[in-house]
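Colleague: Could you take me through one part of this model closely, starting with the space enclosed inside and then the place where the chains come together? Please give me the cut-offs as you go.

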Number of protein chains: 2
Amino acid sequence: MASLTRSAFEALDLDDSLASFRDAFQLPDGIIYLNGNSLGPLPTAASQRVTAAVEQEWGGGLVKSWNTAGWFQAPRRLGDQLAQLIGADPGEVVVTDQTGLNVFKAVAAAVSLRPDRKVIVMEGSNFPTDVYMVQGLLHLLGPDYQIRFAEKDELSAAITADVAVVCLTQVHYKTAHILDMVGLTQQAHAIGALVVWDLCHSAGIIPVDLNGANADFAVGCTYKYLNGGPGSPGFIMVARRHQGQCTQPLTGWWGHAAPFVFDRDYQGDPGIGQMLTGTQPILSFAGMEAGLDLALAADMTAVRNKSQTMGDLFIRLLDERCGQYGFTLVSPRNGHERAGHVAVDHADGYPIMKALIAAGVIGDFRAPATMRFGFSPLFLRYTDVWDAVDCLAHILETRSWDDARFHERAAVT
Amino acid sequence: MASLTRSAFEALDLDDSLASFRDAFQLPDGIIYLNGNSLGPLPTAASQRVTAAVEQEWGGGLVKSWNTAGWFQAPRRLGDQLAQLIGADPGEVVVTDQTGLNVFKAVAAAVSLRPDRKVIVMEGSNFPTDVYMVQGLLHLLGPDYQIRFAEKDELSAAITADVAVVCLTQVHYKTAHILDMVGLTQQAHAIGALVVWDLCHSAGIIPVDLNGANADFAVGCTYKYLNGGPGSPGFIMVARRHQGQCTQPLTGWWGHAAPFVFDRDYQGDPGIGQMLTGTQPILSFAGMEAGLDLALAADMTAVRNKSQTMGDLFIRLLDERCGQYGFTLVSPRNGHERAGHVAVDHADGYPIMKALIAAGVIGDFRAPATMRFGFSPLFLRYTDVWDAVDCLAHILETRSWDDARFHERAAVT
């Protein structure tokens, strides 16, 4: 195969059906932002929407905006919209709380449906907050319960007849490897277990069909590929067949069947509303609506194809131009097994990433050695992939990364 | 005593040391806002702060704002500020999550310190989310645990040697009655129990001295008298002597001792950080800072005096001008026993409140018959109290409230 040239990337941009979405984002000049898998950039409409929420709704409407501006209904309204993106039905999703709290609720709800089983299967190498939250839950449930840890190739063997819940993140936060949602769900159901899917690194970047997979529960965040803003609310999906059957323990007043009756005792909403807890951060809700609108407006097949192609091209360019510098590909080379980002290990990954960021190419670093590059198709151009690797190659050729200022560790990386 | 006149209220405004704070708020024209006890109005600086968080921090700084804009540290930084207002020390408070979730964490933490006791004392008539959350917790802890309900005059008798935790809202959400924090805490400690104080209707309106009372835990919200915006984050206080001793079950990655090591297993932060869960809604944090700044700039004794005087005058005017219309005072008449709002019952409270709101006087209604009027001293004038009662008297004299449009029930009231 002939070496790649920048003009080939320019041609891809000219032919890109998603190219116009870039204009909907405010991106700083001189930046190639390969970290939309951590925090998506600002949609221009989000800025306007937040200003309206502050000025007109809070400032002008005051307390009556709970009704007139739809604040109280926001978790259900946005949940119904988000449902379209993840293959759920209206009334099966609410936007609320953070991912970790939603994991706590979803696993507790699943456990409540399988009272005779005490094993939760989880992937120990995936993003730890899901494990931490289940550990907190099991601490309350008592010593009979346990987490059975299994890595991706061990999952099938771990799903045995004593398992209550399989709780998995569909796309691995480090490697971007995609688990087989249909197959694992089927296997869990075959032995009578339930499945909770964490979609943090899936929603908005790969097609997700929860009901097509017959999923039981799902959770996720909106600040990555859905471009919802820093700490924007998470979501939780409960398949309709489980609603009114399961219970979750974070029983706040928004989850009550009649929250404004102010009854003394909790009586859970019979529908998805039972997954709500209490008063939600409305300004952060306002910030996420524009990003969700953009995701819904985009063709998800085109999104997937563009992201996968960008990742494939990134890997090929990295081989061609930086192959001699000691990188190890952590993500699957096969694009069909890989979601939105590409991870590579390098012994000097930390200072190399710092040098890249200083040069305007923003990826991120996960200890001990992993550099992540996210390929969000709504605001990135194919030429950004070329230019990013070009910048990386230059940093490596000149060894400019080996500078004291790039070795200094920040509090949050 | 001679009848009150508006000019007496004008004189009070001229002599009001807090009068200038009103200029820091954006209040709609023609509105008398007596609902700051539900949702405080918009500080002008909050609008600017949110715009900066959206445009410069999210839009311009992108993911690096977790460090450079102090997003990750916001719960501790704002917690240390808020601590000054409630008599806690630096490192004893974090701003995070919502009140209900913080109740769940605080009661679970307190219970973890008293493993041999199974009774939680609560006031059943107070705002229900605290009770609901404890009911959810006890469902996990098992059938040995129970809530012992006691109303204010029954609390002393209910605090017996089998009690693990006394969980009380200091100021009653309906009546504004203030519980004796010092005395009840002392009584609980005397029999070996711990106390969780909910400060939702206290913080920013009456002087609170948690450490002066030797309190164990506290929680609260910031959207009422702290004017933090719709659904702005709550807070939780853990006395330093309990930190590292107690555990709470919502074990998200922000509460880990080393969140960026991404260890597989949860290890709680030894300090107040263990009360954190996961990624926080940053835009809602940005929205609350201005209100907190204003509360910290105000003299709390002056705040308390003005609020109490406004409430006293409101009650006296209501007696004088509306005494024949069938109101029943629900709040304590004695201003020393009453916090920031005044509640009155009326058989037609709902349409009367709707008529008041239509006339620009905004209070709220709590079923079945309670009208609440909040007296936030930072943005209200004494003449607002006069004008509000004047408006109410007119509505009653003309029976203009008895109109079909005022009887129609809204979803959220």
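A cavity here is a set of points, on a 1 Å grid over the protein atoms alone, where a 1.4 Å probe fits but cannot get out, and lining residues have an atom within 4 Å of a point. Before going on, please note that this is a predicted model, in which local features need pLDDT of at least 70 and side-chain atom pairs count only at pLDDT 80 or more, while totals for chains, interfaces and linings use all residues. Residues are numbered from 1 along each chain as its sequence is written, chains are lettered from A in the order in which they are written, and side-chain values use heavy atoms, with hydrogens and water left out.

The largest cavity holds about 190 Å³ of space, a volume being the space filled by probe spheres set on the grid points, which are joined across faces, edges and corners. Its lining divides into 8 nonpolar, 12 polar and 2 charged residues. For these classes, Ala, Val, Leu, Ile, Met, Phe, Trp, Tyr, Cys and Pro count as nonpolar, Asp, Glu, Lys and Arg as charged, and the others, Gly among them, as polar. The model has 12 cavities of 30 Å³ or more.

Now to the interface. Contact (heavy atoms within 4.5 Å) links 79 residues of chain B with 79 residues of chain A. The size of an interface is often given as the accessible area lost when the parts come together. Between chain B and chain A about 6,800 Å² is buried, with carbon and sulfur atoms giving 67% of that area; the figure is the accessible area (1.4 Å probe) lost on putting the two parts together, summed over both. On the chain B side, W58(B), Y132(B) and F262(B) lose the most area to chain A, together 12% of what that side buries.

What polar links are there? Between chain B and chain A, 33 residue pairs are in polar contact, both at pLDDT 80 or more. Such a contact is a pair of N or O atoms within 3.5 Å; within protein, one must be able to donate a hydrogen and the other to accept it, and residues adjacent in sequence count only if both atoms are side-chain atoms. The count of salt bridges (a side-chain nitrogen of Lys or Arg within 4 Å of a carboxyl oxygen of Asp or Glu) between the two chains is 0.

Several elements of chain B each supply at least two residues of the side that touches chain A, among them α2 (44–61), α5 (99–113) and α9 (282–297). Helices (H or I, at least four residues) and strands (E, at least two) are DSSP runs, numbered from the N terminus. The largest share, 11 residues, comes from α6(B). By class, the side of chain B that touches chain A has 44 nonpolar, 29 polar and 6 charged residues.

How values were computed:
On a 1 Å grid over the protein atoms alone, a cavity is a set of points where a 1.4 Å probe fits but cannot get out, and a pocket is an open set with protein on both sides within 12 Å along at least five of seven lines; lining residues have an atom within 4 Å of a point.
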